[in-house]
Amino acid sequence: MEWMNNLFEQYGYLVLFIGLFSESLAIPFPGELAMAISGHMSSLGNFHIPLIIFYSYVGAIVGTTVTYYIGYKLGTPFLERYGKYVLLNQARLAKVTSWFGKYGNKLILISYFVPGLRHFTGYVSGVLKIRLRTFIILDFIGGLVWVLAYVMIGKLLGPNIEQLLHVAAKYFTASMFILAAIVALVVLFKKYKKRNGGFPGVNSSSPKQDSDQEQD
């Protein structure tokens, strides 16, 4: 964490903008840690919360918007050939694409909170030709919530943030997959019920119909 403090001392808020922009391009950078440290430093009087949020948010959403356009304009062949330089190999590209097929556009909204996903969501959203308006709305909302959460974590939790962020990321990822599984089960349940007109073995006819049938 000392090296991050040194970066802040030398470059100030630019660390947040450049770092989060780079991370959105899938260039390795500990975005959550940077925001949390800057949030903690605000309580020491070194930074101001509104500026931390501004630089972090703009860096993140500009980066994801750039990746969206790269995916949209250049498509799968470009990413299959050059994606490896930003850790987006063919296997990972196929995996993220399958997640979109399974969970839909809402994956954009939660992707910031899922390590190993937010770095590639913009690229894949562009490849899949998701509407720009839809992408912007979901991405910008998710990015704002993400930035606010980690800046405030740093401000409130203080010098132990590195260990706490590790634990939080671990359990948040698990909880997101559990939530996604529950949503998928609910959707499947509704589709099954609609397709079959109710539950197997349950007579959906009304009491009046039953009575008329007995009289016949």
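Reader: How exposed is K129, and where does K129 sit?

Author: This is a predicted model, and K129 counts as partly exposed, at 44% relative accessibility. K129 is found in the loop between α7 (118-127) and α8.

Reader: What is its backbone angle phi?

Author: K129 has a positive phi of about 60 degrees although K129 is not a glycine. A26 also has a positive phi without being a glycine, near 75 degrees.

Reader: Where is A26, and is A26 buried or exposed?

Author: A26 is found in the loop between α2 and α3. With a relative accessibility of 6%, A26 counts as buried.

Reader: Which other residues of that loop can I look at?

Author: Take L25 and F29, which both lie in the loop between α2 and α3. L25 has a relative accessible area of 15% and is therefore buried, because buried means under 20%. F29, at 17%, is buried too.

Reader: What does L25 touch?

Author: Leaving aside neighbours within four places in sequence, L25 is in contact with G63, V66, T67, V86 and Y123. One of these shows how sequence and space can disagree. L25 and T67 are 42 residues apart in sequence, but their C-alpha atoms are 6.3 Å apart in space.

Reader: What does F29 touch?

Author: Not counting residues up to four places away in sequence, F29 touches M4, V15, G19, L20, E23 and A34.

Reader: What share of the contacts in the chain joins residues 24 or more positions apart?

Author: Among contacts in the chain with a separation of 6 or more, 76% are between residues 24 or more positions apart.

Reader: How many helices and strands does the chain have?

Author: The chain has 10 helices and 0 strands. Read along the sequence, the pattern is α-α-α-α-α-α-α-α-α-α.

Reader: How is a pair of packed helices described?

Author: Two packed helices are described by the angle between their axes and the distance between the axes. Start with α2 (residues 14-24) and α3 (residues 31-42): their axes come within 9 Å and cross at roughly 160 degrees. That angle makes α2 roughly antiparallel to α3, because angles over 145 degrees count as roughly antiparallel. The crossing in which α2 passes α3 is left-handed.

Reader: Which residues make the contact of α2 with α3?

Author: L16, L20 and E23 come from α2, while G31, E32, A34, M35 and S38 come from α3. By class, this contact has 4 nonpolar, 2 polar and 2 charged residues.

Reader: At what angle do α3 and α8 pack?

Author: The angle between α3 and α8 is about 50 degrees, and their axes are 6 Å apart. The two helices are therefore oblique to each other. Their crossing is right-handed. From α3 the contact uses E32, M35, A36, G39, H40 and S42, and from α8 it uses W146, V147, Y150, V151, G154 and K155. This contact of α3 with α8 has 6 nonpolar, 4 polar and 2 charged residues.

Reader: Where do nonpolar side chains tend to be in soluble globular proteins?

Author: In soluble globular proteins, nonpolar side chains tend to be buried together. In this chain, buried residues make up 40% of the 216 residues. The largest nonpolar core has 25 residues, and F8, M35 and W146 have the most contacts inside that core. The elements giving two or more residues to this core are α1 (2-11), α2, α3, α4 (49-82) and α8 (132-157). The largest share, 6 residues, comes from α4.

Reader: What is W146 in contact with?

Author: Apart from neighbours within four places in sequence, W146 is in contact with L20, E23, E32, M35, A60, Y112, F113 and R118.

How values were computed:
Residues numbered from 1 in each chain as written. Predicted model: local features only at pLDDT ≥ 70, side-chain atom pairs only at ≥ 80, totals over all residues. Heavy atoms only, no water. Axes fitted to C-alpha atoms, helices over the stretch in contact; angles between N-to-C directions. Helix = DSSP H or I, 4+ residues; strand = E, 2+ residues; numbered from the N terminus. Parallel < 35°, antiparallel > 145°, perpendicular 65-115°, else oblique. Left-handed = near helix turned anticlockwise from the far one by under 90°. Contact = heavy atoms within 4.5 Å. Nonpolar A, V, L, I, M, F, W, Y, C, P; charged D, E, K, R; others polar. Core = buried A, V, L, I, M, F, W, Y, C linked by side-chain atoms within 4.5 Å. Buried < 20%, exposed > 50% of the residue type's maximum accessible area, 1.4 Å probe, protein only.
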